[in-house]
Amino acid sequence: MSFITELSERMPQRVHAPGSPAYETGSHVFAGQGTPDAVVRPSSAAEVAEAVRAAVAAGVPITVRSGGHGSDPATAGLLLDLSDLAAVELAGTDGLVHVGAGAKWGEVAAALAPHGLGITSGDTVDVGVGGLALGGGIGWLARTHGLTVDLLREVELVTAAGDVLTVNAESHPDLFWALRGGGGNFGVATRFTFQAAPVDGLVGGHLRWDQSDVPAVLRAWRDVLREAPDELNGTLLVMPPLMPEIPAGPQLAVALLGTEAELRRILAPMLELPSLADESLGPVAYVDLLEAAPPGKPPFLMVGGNGFVPDLSDEALEAFARAVDREVPTMLLLRALGGAFSRVAADATAIAQRDGQALLAVNGILPAESTEEQIAAARVAVDEAIAFTTGRYSNFTPEFDADAIAAIYPPATLERLRAVKREVDPGDVFRASHHIAP
Ligand SMILES: Cc1cc2nc3c(=O)[nH]c(=O)nc-3n(C[C@H](O)[C@H](O)[C@H](O)COP(=O)(O)OP(=O)(O)OC[C@H]3O[C@@H](n4cnc5c(N)ncnc54)[C@H](O)[C@@H]3O)c2cc1C
């Protein structure tokens, strides 16, 4: 009897074969359609453990899916779709929140909004809790409260041996360290407990400047960040002229826990630029800051990179401005860090680049059928900008080779992750996209 047939007999409601709707949605991720042999959609950690034990005994590869916004569709074996483990429960009055790994961040924000609470997450409603949290989690609130992993207090984890562990600072501390940035290499996270933070009293909105003024806007954003309190969060995006519905040029999405008068004072260097073309600032709710993600990977070839920028020097900003002033349409994003993000010790979690004052992402956008020469030309602009960064952010890195792993984790972090991996998954059952070998 095949492994899938046997598992279907043991968990008849949970196993979905190719062709069924639960298989099609469960095996689809942002980057495309996967082709696993079967999708298992468990309804408890105990069922996850049963499926893991059965797959390990049969030598069948396992892939884990939470929100499906990863960039690596499953190609074989068993896919564990955690969509039904999506409960969001406030644990008491101290802001501790239990969140199922399969929940989406928009659902978390909506559930916490009536309590005036929020958790640092990404910018979009659709991204899943599991993948984003295990990779770090950079989004709104990062300067105020740190990364998603900095607000993480406990993880319920199903190991390769099929044990269900409670992992926190006291129980399995090394594993808890590794789960905060080391990705899905250590087991299946079924439930997270976060410390939520107050988010009532936000003001924010959008600013936009003329396309020709990129260097001045980059300098003004840097000057704002050098003086800003931790309560300010935001991302500067420089869009190339690409689609008529999206205006080209520099634009800022910004929010402050404070008053509009304070926000205007903090943003004065940017508001006073004569190139300011559009401005809308006012009260905002945290839940409304999260936007819908595009339905899937855009049909372009993206030649890009990202990295933590420790020093927003004039030289770095000049390279960033040059990157978007080329023949290849190039998109650049400079997300505010520093603040609470930078007060976490470099060895406290698996995200080590805590001196980052911003996260840079730069992408040359080429037609899908571009030539090697066009790709190489786009690469030059990207590489010149990335040279001012100290390491990559895993969740923004769609490359999975050894060079990418080395760019994400400094040597000491990588060695420590490997030591935890040898302890908890010596047989290398969980081969996450950014694979940490035992
Ligand atoms: C449109 C878009 C916007 C984004 N915006 C942001 C952003 O603002 N900030 C940010 O930090 N990141 C952002 N990301 C990146 C995002 O954090 C990662 O792609 C993340 O992996 C998505 O998590 P997921 O659960 O939705 O993905 P999935 O595809 O479900 O999972 C991705 C991988 O994570 C691992 N994994 C997932 N869940 C588990 C689990 N429960 N246990 C063990 N391993 C697991 C698996 O290896 C899996 O292959 C964005 C991505 C997209 C596509």
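Which residue in β12 stands opposite V97?

Mentor: F194 in β12 is the residue opposite V97. First, the ground rules. This is a predicted model, where local features need pLDDT of at least 70, side-chain atom pairs count only at pLDDT 80 or more, and totals for chains, interfaces and linings use all residues. Numbering runs from 1 along each chain as its sequence is written, and side-chain values use heavy atoms, without hydrogens and water.

Now the strands. β8 (residues 96-100) and β12 (residues 188-195) run antiparallel and are joined by five bridges. (Strands are DSSP E runs of at least two residues, helices H or I runs of at least four; pairing takes at least two bridges.) Both strands belong to an open, five-stranded sheet with antiparallel pairing, in the order β7-β8-β12-β10-β11. β7 (88-90) and β11 (164-168) are its edges, each pairing on one side only. Ignoring direction, neighbouring strands are turned by 20° on average.

Next, the helices. α3 lies across β10 (152-158), β11 and β12, at about 45° to β10. (Angles run from 0 to 180 degrees between N-to-C directions.) α4 (residues 105-112) also packs on the sheet, touching β7, β8 and β12 (contact: heavy atoms within 4.5 Å). The direction of α4 makes about 30° with that of β7.

F3, L7 and R10 of α1 meet E50, A51, A54, A55 and A58 of α3.

Last, the record. UniProt's unreviewed entry places "domain: FAD-binding PCMH-type" at residues 32-199. That stretch is 24% helix and 27% strand, with its end C-alpha atoms 35 Å apart.

Conventions:
UniProt positions are given in the numbering used here, feature names are shortened, and annotations may be inferred rather than shown by experiment.
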